[in-house]
Amino acid sequence: MKVNLKIWRQAGPDAPGKLVDYSVENIDPSQSFLEMLDTLNEQLVKSGQEPVAFESDCREGICGNCGLVINGIAHGSKGGCTTCEIRMRQYNDGDTITVEPFRAKAFTLIKDLVVNRSAFDRIMSKGGYVAMNAGSAQDANLQPIHQDAAEAAMDAAACIGCGACVAACPNASASLFVGAKVSQYTWLPQGQVERSTRALKMVKQMDSEGFGDCSNHAECEAVCPKEISIANISRMRREFTKALFTR
Amino acid sequence: MIKKPTLDAKIPEGPISEKWTNHKFNMKLVNPANKRKHEVIVVGTGLAGASAAASLGELGYKVKSFCIQDSPRRAHSVAAQGGINAAKNYQNDGDSVYRLFYDTVKGGDFRAREANVHRLAEVSNSIIDQCVAQGVPFAREYGGTLSNRSFGGAQVSRTFYARGQTGQQLLLGAYGALMRQVDAGTVELFTRREMLDVVIVDGKARGIIVRNLVSGELEEYAADAVLLCTGGYSTVFYLSTNAVNCNATAAWRCYKKGAHFANPCFTQIHPTCIPRFGETQSKLTLMSESLRNDGRVWVPKKKKDDRKPIDIPEEERDYYLETKYPAFGNLVPRDIASRNAEEVCVQGRGVGPTGYAVYLDFADAINRLGKDVIAARYGNLFAMYHEITGDDPYETPMMIYPAPHYTMGGLWVDYNLMTTIDGLFALGEANFSDHGANRLGASALMQGLADGYFVIPYTLGNYLATEKPAPVNTNAPEFTEARKQVSQGIKDLMNIKGKTTADEIHRQLGDIMIEKVGMSRSEEGLKEALEEIPKIRKKFYEDLCIPGDTKDYNKELEKAARVADFLELGELMARDALERKESCGGHYRVESQDEEGEAKRDDENFCHGAVWAFQGPDKVPERLIEELHYEHVIPSNRSYK
């Protein structure tokens with residue numbers, strides 16, 4: 001099969017960008033979307049042109065490195081998967097596909113489809129953990145945790161930090177990302193001591209990075225490759241409000 | 001055979017169960033007030049690197065942490081699905097530190113160091129405590145206690161897991177601890193940096209040269225010690241289950257500066273992966289090994305039988321694992337399952353469009369247990385398979401084929417995890433010490449975290465307290481010289497201006513590696529590989545094409561530099577495999593088999609680690625050995641018949 005592509009090209013953060021037309025032929029339907037882009041890049045390199053810069057690593061939907069807006073939707077229209085998990089059999093011969101980066105004020109563009117998501121690291125550094133030095137832990141089974149609570153914590157912890165939630169949000173909010181981390185620890189006995197400061201500090205850092213606020217569009221949940229629920233955002237808001245008054 | 005002087009692994013004296021405890025007491029300590037005066041470089045942020053950097057930061061050292069990704073959380077440890085072993089014996093099923101030690105030494109086919117493995121088993125329990133205290137959401141029973149499962153053929157249930165995301169969750173725990181130290185100011189984070197050389201001053205590792213992958217600039221950093229936590233080298237095969245950016249460059253450049261490389265031919269090929277479909281494929285996807293619990297492996301008895309699997313009657317199918325290994329059947333260890341799959345395909349009985357695949361059939365299990373039970377057990381895996389291949393495993397058998405997955409070999413380290421360069425340490429998959437010739441399932445995560453949380457905080461302190469490294473900074477001439485060399489290396493690659501891409505060369509290398517240095521290796525094939533790899537290398541240096549600029553985000557340049565190193569490492573792997581004339585673990589030499597065609601170990605001549613010392617470009621490296629002694633786990637034959 002063959003597809004036509006409109007890909008965002010931008011040499012650097014301050015350079016002008018535009019959509020450029022390409023086409024790729026002889027696509028195997030078993031190819032992944034990123035392998036199709038690999039093929040395009042190999043063609044470009046061999047003809048002396050600069051390949052399209054995009055990121056990926058594990059190529060099995062777990063590292064959170066890849067992330068493209070495909071035909072206007074972060075990680076494409078299939079839902080519940082990352083960009084690297086998309087297979088070409090989902091498209092029809094002759095389709096035109098638009099490919100853009102994850103756009104947000106807090107995600108500055110590096111080159112073409114590559115953006116800087118370090119803001120997520122800085123948010124995590126403000127409380128995305130249980131403050132516990134190596135060596136000081138008690139026996140792991142000393143504190144039973146209800147299976148439902150452990151499962152709920154795992155649901156929230158499944159976030160891979162790809163940033164699709166931010167790219168999809170009309171406000172470019174990181175509320176789902178932060179909400180998932182804050183929620184994970186509300187379900188567990190570990191980290192209760194820092195519960196209030198975690199919510200306050202992570203939210204404060206999110207604001208200072210230039211992410212917007214949540215206004216309940218729920219676009220984030222729709223594109224989340226790990227299908228993390230926006231209930232985590234309301235949980236974060238509850239934690240934050242409670243922390244403001246109880247601190 | 002002439003035996004070379006053996007390397008000193010610095011294994012502490014005393015009974016095996018007391019070695020680590022005594023060693024911890026005997027090692028020197030760095031005064032708490034002095035720790036902040038010591039700078040430590042940690043390269044890589046997977047389980048080993050993140051846990052090491054975080055733990056050293058907690059102790060008060062000044063740490064610089066480097067990774068090639070945009071965030072430390074993306075290191076390839078995230079992809080581990082199955083779980084992590086520990087000798088907790090929570091199931092009351094007879095597990096113990098000694099049993100985990102025993103199983104790991106035996107599983108490694110008697111090519112791992114007993115003392116290291118015992119220490120690994122000892123600290124395994126602290127890892128679980130540590131991770132639970134960090135809020136890692138492990139699976140739990142209704143009563144709230146931790147769940148365990150039996151994994152990879154173990155006879156006890158000692159594997160802890162967090163859905164199919166154990167690696168991801170453990171890394172998030174270590175990454176959280178790391179980010180906490182970043183916030184506290186003890187760890188400085190350098191993302192999107194690739195280490196391209198180690199800097200040696202007065203015989204000791206004192207810094208690194210990295211390339212900033214965004215600006216393309218070279219940067220140098222000085223420290224009192226360098227920790228290499230850069231993972232394994234399965235991507236030398238091009239197609240593997242590893243992430244596409246996994247590479248051997250940091251370790252390889254250290255090898256060329258004097259860090260010896262041990263057992264490079266010990267690689268693990270995982271039996272249950274989705275087969276290759278074509279030329280443009282970038283990676284092989286691992287399907288959980290648990291599928292072999294209910295799936296039956298078969299191929300047609302007839303060669304080139306292109307009927308649909310459903311049309312092949314029962315009597316014309318060969319359930320080769322069940323017939324050959326009646327005691328273990330489809331659950332034989334990874335290396336045996338992989339080798340047999342290759343064998344039937346080479347015979348021409350493989351299935352699928354390439355002929356390099358075997359069926360994994362769930363029809364019997366579905367008839368016996370019902371579709372619902374199978375869906376509950378493997379629903380997500382079936383869905384993933386369906387998505388990737390377009391075939392529905394509920395209706396037609398899955399097709400699987402082995403894929404390179406893990407490398408047991410790596411930089412040689414002593415008991416303290418120090419390489420043959422003073423002050424250069426190697427942790428996790430980057431070293432060679434704990435898994436011998438074959439790694440057991442759910443042991444990789446355990447080793448990475450053991451090294452980072454519970455070994456290096458002690459042994460590094462001892463090194464610093466003993467050596468008292470003199471002050472050094474990046475103005476030293478050794479830094480200037482190293483930087484010049486790296487810079488020249490990059491220029492040389494850019495100036496080739498040929499027509500072949502780095503990926504094309506990498507694929508050619510991968511084809512040779514998997515065919516001749518893959519699952520079964522023969523003297524003839526290995527000798528061919530040793531002739532063919534230099535030819536590809538020659539082509540690489542004559543016809544490589546890298547577009548763009550060095551001072552820019554340039555993926556093609558990154559790839560080319562890594563392929564250059566793989567082209568040398570691949571040759572060393574072939575050389576190591578050729579010299580090791582026995583079969584053991586993941587290394588199978590067709591010349592070394594018993595009457596029934598099973599792997600035959602040769603303890604008389606090869607009960608040692610092969611340790612390769614670089615002798616200069618285009619020179620044959622020297623093969624040193626580390627003699628291995630088994631006092632507790634007496635070498636026996638692995639039999640699965």
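Student: Which residue of E15(B) is the bridge partner of B:Ile269?

Tutor: In this predicted model, B:Ile269 has B:Pro404 of E15(B) as its bridge partner. Local features need pLDDT of at least 70, side-chain atom pairs count only at pLDDT 80 or more, and totals for chains, interfaces and linings use all residues. Residues are numbered from 1 along each chain as its sequence is written, while chains are lettered from A and ligands numbered from 1 in the order in which they are written.

Student: What makes E11(B) and E15(B) paired strands?

Tutor: Strands (E, at least two residues) and helices (H or I, at least four) are DSSP runs, numbered from the N terminus. Two strands pair if DSSP finds at least two bridges between them. Five bridges join E11(B) to strand E15 (residues 398-407) of chain B, so the two are paired; they run antiparallel.

Student: Why are E6(B) and E8(B) called edge strands?

Tutor: The open sheet has the order E6-E7-E8 in chain B, with antiparallel pairing. Strand E6 (193-201) and strand E8 (218-222) of chain B each pair on one side only. Five bridges join E7(B) to E8(B), and B:Gly207 stands opposite B:Ala222 in E8(B).

Student: Why are H5(A) and H8(A) called roughly perpendicular?

Tutor: Axes are lines fitted to C-alpha atoms, for helices over the stretch in contact, and angles run from 0 to 180 degrees between N-to-C directions. Angles under 35 degrees count as roughly parallel, over 145 as roughly antiparallel, 65 to 115 as roughly perpendicular and the rest as oblique. H5(A), residues 175-186, and H8(A), residues 231-246, pack at about 70°, with their axes 8 Å apart. The two helices are therefore roughly perpendicular.

Student: Which residues make the contact between H5(A) and H8(A)?

Tutor: Among them are A:Val178 and A:Val182 of H5(A), and A:Ile233 and A:Met236 of H8(A). Two residues are in contact if their C-beta atoms, placed from the backbone, lie within 7 Å.

Student: How many residues does each chain put into the contact between chains A and B?

Tutor: Chain A supplies 65 residues and chain B supplies 64. H1(A) gives the most to the side of chain A that touches chain B, with seven residues.
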